Amino acid sequence: MKDLDSKLTGAKTIGIAGHVRPDGDCAGSTLGVYNYIKDNYPLCDVRLYLEPIPNIFKFLRRSEEIKSEYTDELIFDVFIALDCGDLGRLGNAAKYFENARHTICIDHHVSNQSFADENYIFPDASSTCELVYELLDKSKITREIAECLYTGIVHDTGVFQYSCTSAKTMNVAGQLMEMGIDYPKIVDDTFYTKTFNQNRILGQALLNSKLYEGGQIISCVISQEEMKKYDVLPKHLDGIVNQLRVTKDVRVALFLYENDDHTYKGSLRVNGEFDVARVAMAFGGGGHVKAAGFSIEGPAEIAVERVIAEISKYL
Ligand code: 5GP
Ligand code: MN
């Protein structure tokens, strides 16, 4: 696949979706593609399905048009999955993907098994937004589309900080900056700014944290009770695992939070050489070599023990 336009010509209905619990790259890449199609294919019926996105991303153009109910009965001519490593990660949108006449996947997860008819998958890319930029006709990228793509790149690179950031990433970001976007505001408002309660639960998480394997692993768990105490939702816990990761001498950071059904969502991050994608995959999850996630049964103590044991195999 060399460009997106050649895949869209003739399509009357196009569906788009990203992964469950959408993050910045997911919201940015799906809205980037959605706006591009809306702007350039006015006769096309295009629909974007995503679970509700965090409020910080609602400034992105047409975010109010996102469909978070999956009641449409429609067979799409083309369905585009973005930032999704497997069909299951599409959540309730998977049925549209499965029934579509033609499917496309644009993604950067190592765990991606190329599950679409056409796949544009580059695990070395910083973000799906970087890949979307490559596929779009540059002359049709508006300021609003640039905002979507820049936001995704900022989030998946931790503001150009993680090792997934390449010279190419910086070049793409540079091109997007030239589109007149307010980049310091995007970085501050969507990445650094935290609510008072988000900062307090970060503090709680750090107090809960423990070291394992002589300080090579750091781990902490946030319970439902703590989320209630600080009046926060899972989507407000973004960034905690990154703070754990920057603990001196730590190689692997593990963060778990309790879901409504008392299972736990796990996040893994790495310093230096270590592959957490394979650790996540051992628990049915996936992701990238240096950032991966999974879900696991409780109770918390047993879950932590199991994951630490899996990580320890490779230390
Ligand atoms: P996070 O820890 O921020 O939730 O996710 C880190 C990376 O792992 C992201 O690229 C995300 O898409 C992926 N990831 C997180 N949770 C899961 C999961 O349960 N399954 C799979 N396949 N990937 C996940
Ligand atoms: Mn991504």
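Asp83 counts as buried because its relative accessibility is 2%, where buried means under 20% relative accessible area, exposed over 50% and partly exposed in between (1.4 Å probe, protein chains only). Welcome to this predicted model, in which local features need pLDDT of at least 70, side-chain atom pairs count only at pLDDT 80 or more, and totals for chains, interfaces and linings use all residues. Residues are numbered from 1 along each chain as its sequence is written, chains are lettered from A and ligands numbered from 1 in the order in which they are written, and side-chain values use heavy atoms, with hydrogens and water left out.

**Backbone features**

- Asp83 also has a positive phi, near 60 degrees, without being a glycine, and its place is the loop between strand 3 (78–82) and helix 3 (94–99); helices (H or I, at least four residues) and strands (E, at least two) are DSSP runs numbered from the N terminus.
- His262, another non-glycine, has a positive phi of about 70 degrees and sits in the loop between strand 8 (252–258) and strand 9.
- Gly298 and Pro299 are joined by a cis peptide bond with omega about -5 degrees, and Pro299 lies in the loop between strand 11 and helix 12 (300–312).
- For context, most residues other than glycine have a negative phi, and most peptide bonds are trans.

**Around ligand 1**

- Among the 14 residues around ligand 1, Arg89, His109, Ser267, Arg269 and His288 come nearest (near means that a heavy atom of the residue lies within 4 Å).
- By class, this shell holds three nonpolar, seven polar and four charged residues; Ala, Val, Leu, Ile, Met, Phe, Trp, Tyr, Cys and Pro count as nonpolar, Asp, Glu, Lys and Arg as charged, and the others, Gly among them, as polar.
- Strand 11 gives the largest share of the shell, four residues.
- A side-chain N or O atom of Arg89 is 2.7 Å from an oxygen atom of ligand 1.
- A polar backbone atom of Gly286 is 3.3 Å from a nitrogen atom of the ligand, and a backbone N or O atom of Gly293 lies 3.4 Å from one of the ligand's oxygen atoms.

**Helix 5**

- Helix 5 (residues 143–156) is largely enclosed by the rest of the structure, because 12 of its 14 residues are buried.
- Its buried residues include Ile145, Leu149, Tyr150 and Asp156.
- Their cover includes helix 2 (24–40), helix 4 (128–135), helix 6 (167–177) and helix 7 (183–192), with contact meaning heavy atoms within 4.5 Å.
- Just after helix 5, Gly158 takes a positive phi of about 60 degrees.

Methods: Polar contact = N/O pair within 3.5 Å; in protein donor to acceptor, adjacent residues only side chain to side chain.
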